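Work through the exercises below with the sequence and the structure at hand. Each task is followed by a solution in steps.

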Amino acid sequence: MTPQEVLRLCREKDVKAIDLRFMDFPGLWQHTTIPVNHLTEDVFEDGLGFDGSSIRGWQKINESDMLIVPQPETAFLDPFCKIPTLVIICNIQDPITREDYSRDPRNVARKGVNYLRSTGIADTAFFGPEAEFFIFDDVRFDQNAHESYYHVDSIEAEWNRGKDEGPNLANKIRHKEGYFPVPPADQMMDIRNEMMVTLIECGLNVECQHHEVATAGQAEIDLRFNELVLMADQMVMYKYIVKNVAAKWGKTVTFMPKPIFSDNGSGMHTHISLWKDGNPLFAGSGYAGFSEMGLHAIGGILAHAPALLAFTNPTTNSYKRLVPGYEAPVNLAYSQRNRSAACRIPMYSPSPKSKRIEFRCPDPSCNPYLAFTALMMAAIDGIQNKTNPGEPLDKDIYDLPPEEAAAVRKTPASLDEALTALENDHEFLLRGDVFTEDVISTWISYKRENEVDALRLRPHPYEFCLYYDI
């Protein structure tokens, strides 16, 4: 849409409020709202001022003035607000130079797409994330000087088989048996359907929805692949919509990767393919029907995977999921069909258009603008340097003999390890000024100070189980 079309839509739908949204540095959607009469064509050009020092990881207080600039093509009607409200995603600019802000995640993604085109390798990067999440009925947690705990609950959780629910109708899902059972075992069917329909009404192309492997309401709703920036826009819309539909049902959604001990965590397997002039570039006559370019892209992703995880798996909790035994992709290898490898080549269709890399490490706690862009930059680096991905590993890697398993590179075991890898390996992200040294260093320092060190300083409840009687 153009600015004129947005204003016309406001009149047609009797819109009363304009909600202007943008992504902060770690990856949460932020917003400010103006009356509809304050949205003029000039606002799309001049933007509106806000305090950038109050946004996590952004400006110092003496450089706090920033501009929020609405992007008309992103507009959609909010399905949850009581009064008619139009949402517009925004870019962030410096008010003095009018340059796009380097720490604006959406700007990083836009620069990434421009860099891809400048290389001549491809003109389009398609991404298809498969985000998983949990739908809970009750969540309580706290952390202070003298206590630390969390409690999550779900009506369909295995641990509620013996609970007096007046009456308890059973139909609880056993650990690791949540994949595809029909209702009444699947008690989230109607909620997921409403999520699916609402996503579609907001313009997102939903491919399917289903219960996921874990007990306690784990779910997955898949969107059809789209271009990088559009897909990142859609992922933040997706999270907003899913959380608010759950709230309507008196439930709560978390995209935290590992909220439950002893069951599967929530991943976001991410599919990537490069195209040029409408033609897929990863299809060929090599292994699994892949082109040499596609294999080199895999080589780049695997070579830079430890650093990539600082963006694709950016929380301390992410590494509670990345452990063997839960279909977790901790092995830095590639294969067709094999879900125990970090890079999988799906074999559902022989069509050249379906040839893509599935990077199985990411989880939905990531900032999609940064994660998708970093993943694309690694693939470009592999293509430019003709990085050999090595031999495919088509065995169940978890059942390999110890000497063979030891030869397979593994993902970092913690966020701190991933951040160290990023410190040592980020030159490929700096090309085309896509990421900058400032963005990299700020990301590392923010994550270490606010998450890694913050967790390291606090006693863990299980430490009392282990050590109280010493």
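This is a predicted model: local features need pLDDT of at least 70, side-chain atom pairs count only at pLDDT 80 or more; totals for chains, interfaces and linings use all residues.

**Exercise 1. Find what aspartate 137 pairs with, and state which parts of the chain the pair ties together.**

Step 1. The side chain of aspartate 137 meets that of lysine 251 in a salt bridge, with 2.2 Å from N to O.

Step 2. Lysine 251 lies in the loop between helix H5 (228-248) and strand E13 (252-254), while aspartate 137 lies in the loop between strand E7 (124-136) and E8, so the pair ties together parts that are 114 residues apart in sequence.

Step 3. Buried means under 20% relative accessible area. Lysine 251 has 16% and is therefore buried. Aspartate 137 has 29% and is partly exposed.

Step 4. This salt bridge belongs to a structure that holds 26 salt bridges.

**Exercise 2. Describe the salt bridge between aspartate 453 and arginine 456.**

Step 1. The closest N and O atoms of aspartate 453 and arginine 456 are 2.5 Å apart.

Step 2. An α-helix has 3.6 residues a turn, so residues three or four places apart point the same way.

Step 3. Aspartate 453, at 31% relative accessible area, is partly exposed. Arginine 456, at 53%, counts as exposed, because the cut-off for exposed is over 50%.

**Exercise 3. Determine how helices H6 and H7 are placed relative to each other.**

Step 1. The axes of helix H6 (residues 292-303) and helix H7 (residues 305-312) come within 5 Å and cross at roughly 75°.

Step 2. Angles of 65 to 115 degrees count as roughly perpendicular. H6 and H7 are therefore roughly perpendicular to each other.

Step 3. On the H6 side, the contact is made by Ile301, Leu302 and Ala303; on the H7 side, by Ala305, Pro306 and Leu308.

Step 4. H7 is mostly covered, with eight of its eight residues buried. Among them are Leu309, Ala310, Phe311 and Thr312.

**Exercise 4. List what threonine 198 touches, and state whether threonine 198 is buried or exposed.**

Step 1. Threonine 198 is located in helix H4 (residues 189-201).

Step 2. With residues up to four places away in sequence not counted, threonine 198 touches Pro79, Phe80, Ile241 and Val245.

Step 3. The relative accessible area of threonine 198 is 8%, so this residue is buried.

**Exercise 5. Name the residues of the nonpolar surface patch, and locate valine 139.**

Step 1. Val139, Phe141, Tyr150 and Phe261 make a nonpolar surface patch of about 520 Å².

Step 2. Valine 139 is in strand E8 (residues 138-143).

Step 3. The relative accessibility of valine 139 is 33%, so valine 139 counts as partly exposed.

**Exercise 6. State what links Asp19, Arg21 and Asp78.**

Step 1. Asp19, Arg21 and Asp78 are joined in a network of salt bridges.

Definitions and conventions:
Residues are numbered from 1 along each chain as its sequence is written. Side-chain values use heavy atoms; hydrogens and water are left out. Patches are made of residues with over 30% relative accessible area and no salt bridge: like charges are joined within 9 Å, nonpolar side chains (Val, Leu, Ile, Met, Phe, Trp, Tyr) within 5 Å. Accessible areas come from the Shrake-Rupley method with a 1.4 Å probe; for residues, only the protein chains shown count as cover. A salt bridge is a side-chain nitrogen of Lys or Arg within 4 Å of a carboxyl oxygen of Asp or Glu. Helices (H or I, at least four residues) and strands (E, at least two) are DSSP runs, numbered from the N terminus. Buried means under 20% relative accessible area, exposed over 50%, partly exposed in between (1.4 Å probe, protein chains only). Axes are lines fitted to C-alpha atoms, for helices over the stretch in contact, and angles run from 0 to 180 degrees between N-to-C directions. Angles under 35 degrees count as roughly parallel, over 145 as roughly antiparallel, 65 to 115 as roughly perpendicular and the rest as oblique. Contact means heavy atoms within 4.5 Å.
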